[in-house]
Amino acid sequence: MKIDLTFIWTAFLQILPAIPTTLVITLVSVLAGFVIGLLAALARIYKVPVLGQAASAYVTFIRGTPMLTHLLLIYFGLPVLLDALSAQFGWGFKSASIPMIGFAFISFSITAGAYMSEVIRSGLLAVDRGQLEAAYSVGMTTPQALRRIIFPQALSVSIPNLSNSVIGMLHGSTLAFTVSVVDINAKAQIVASTNWKFFEAYIAAALIFWGLTLLIERLTAVIEKRMNLYNRGGIV
Amino acid sequence: MGAPFDLSFIFRFFPKLLDTLGLTLLIVAGSLAAGIFAGFLVALPRMYNVPVLKRFSQVYVSFFRGTPILIQLFLFYYGLPEILKLAGIDISKAPVLFFVIITYGLNTGAFLSETIRASVTAVNRGQIEAAYAVGMTGYQAFSRIVWPQALAVAVPVFSNVVLALLKDTSLAFTLGVMELTGKAQTLGALTQHFVEAYISLALIYLVISLVLERLLKLAERRLLRHEQPVSTGGGRFRLWFRLPRARSYRQLIADANAGKGGAEL
């Protein structure tokens, strides 16, 4: 069998419509993961009695196990749990009504949350303590100081790591095929299964992912430049 | 979906899953060996600024960091035999494990080459100059002065790469390799106790990750014996909260680039 160059192009065109699915999964998991991560990071930094330890356990567990196991656990475990609860309390809710992509959203958000929490925590820790003290000394409350002084600086420090997390989730979204969501990877499989030209189809899929990744990197560079405007000059 | 939840199955699955632990660790070890080799080969042209090869290694690193490992697995599984066939080599009968280790090895190599480059760059230029000043040759300066220091800087990032690799091996089941994840799926399908199978799978991965992390931490401490703890006071890197152990500025720099993902072309 020869490598069929024209089929790479055909496959490329057929895979293109699956890009939005991949991007939606990535976007949802990154945004939800950011919120989860922020809460977990704050709980750990402020050593909130029970929540702090729970957040630590959550981060350790998620970071110590593959993303695939999270997806499988949610996919098989959540319906059992929900149906049991629903039967107990008579909610009249059936787990079968959850769309397949919903499992991907939930599980990837949980995964992203743990990784994001580490990124956010290191970002917050990188801000000089003097900044917080200065904010207090001009009479800001803690939420004000966090929102106006700490978060913006922490965000600009974490941009490179956040971009790595986004790229990680983009690449991780390929796992969605295990719960029958048709993303770029699944589409490549479907396209190839008609004529068994798997190699060509996966070259097309790889090129698309490569392009998306480079795009994210470029965007990050622009955002980083903009975010660090306040920080130019001086000794750094 | 499946049989009702039964806690005892989690424990019953443990020994069955542990049977396949060796295969998972074999994939990790094999890919790591291949990855270290590939990483060095790829890092050298960029460190020594070799004109054309430098561009090649940039593209290599960018590709492997810019595409999902799952896509790479399929790409190599289906593509490698066809490409090698053009060169007259027939490997279509090679075991799947071979393709898995090659793919993970090349993937790890891309990440490791960046690590190697970053940690060699992290060693102070004055160290090499001092080595030359006392009359060492280029090779001696590298193997006696730069290498031991770079190794210590690289360990934290290396440990991240190893843990990521361990977790990535869970994808090998897509090619039909019976490692931990594949076995858990089979057990789940046989007994219809999917949730229990995946819980014990997750616990096994968790324990291996924690053990590996602890071991690499020990290695790091051993390699850093030469270095006095440096206080990280001053500048933007001062931390508000006490870290478990004072770390040098160099390590913070190496750590900052620890994430997986990113193409950087």
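Predicted model: local features only at pLDDT ≥ 70, side-chain atom pairs only at ≥ 80, totals over all residues.
## Fold of chain B

Chain B contains ten helices and zero strands.

The chain has 265 residues, of which 48% are classed as buried. When contacts in chain B between residues at least 6 apart in sequence are considered, 76% connect residues at least 24 apart.

## Nonpolar cores

The largest nonpolar core comprises 111 residues, and A:Phe108 and B:Tyr104 have the most contacts inside it. The element that gives the most to this core is helix H9 of chain A (residues 198-227), with 13 residues. Another core lies apart from it and consists of seven residues, including B:Ala43, B:Val120, B:Val123 and B:Ala150.

Once residues up to four places away in sequence are set aside, A:Phe108 touches A:Ile25, A:Ser29, A:Met67, A:Leu71 and A:Met169, together with A:Gly172, A:Ser173, A:Leu175 and A:Ala176.

## Packing of H3(B) against H5(B)

In chain B, helix H3 (residues 51-66) packs on H5(B) at an angle of about 115°, and the two axes are 9 Å apart. The crossing of H3(B) past H5(B) is left-handed.

On the H3(B) side, the contact is formed by B:Tyr60, B:Val61, B:Phe64 and B:Arg65. H5(B) contributes B:Leu106, B:Asn107, B:Gly109, B:Ala110, B:Phe111, B:Ser113 and B:Glu114. Sorted by class, the residues of this contact are six nonpolar, three polar and two charged.

Helix H5 of chain B spans residues 96-122 and includes B:Thr103. The relative accessible area of B:Thr103 is 0%, so this residue counts as buried, the cut-off being under 20%.

Beyond its neighbours within four places in sequence, B:Thr103 makes contact with B:Gln72, B:Leu73 and B:Phe76.

Note on methods: Residues numbered from 1 in each chain as written. Chains lettered and ligands numbered in written order. Heavy atoms only, no water. Core = buried A, V, L, I, M, F, W, Y, C linked by side-chain atoms within 4.5 Å. Buried < 20%, exposed > 50% of the residue type's maximum accessible area, 1.4 Å probe, protein only. Helix = DSSP H or I, 4+ residues; strand = E, 2+ residues; numbered from the N terminus. Contact = heavy atoms within 4.5 Å. Axes fitted to C-alpha atoms, helices over the stretch in contact; angles between N-to-C directions. Left-handed = near helix turned anticlockwise from the far one by under 90°. Nonpolar A, V, L, I, M, F, W, Y, C, P; charged D, E, K, R; others polar.
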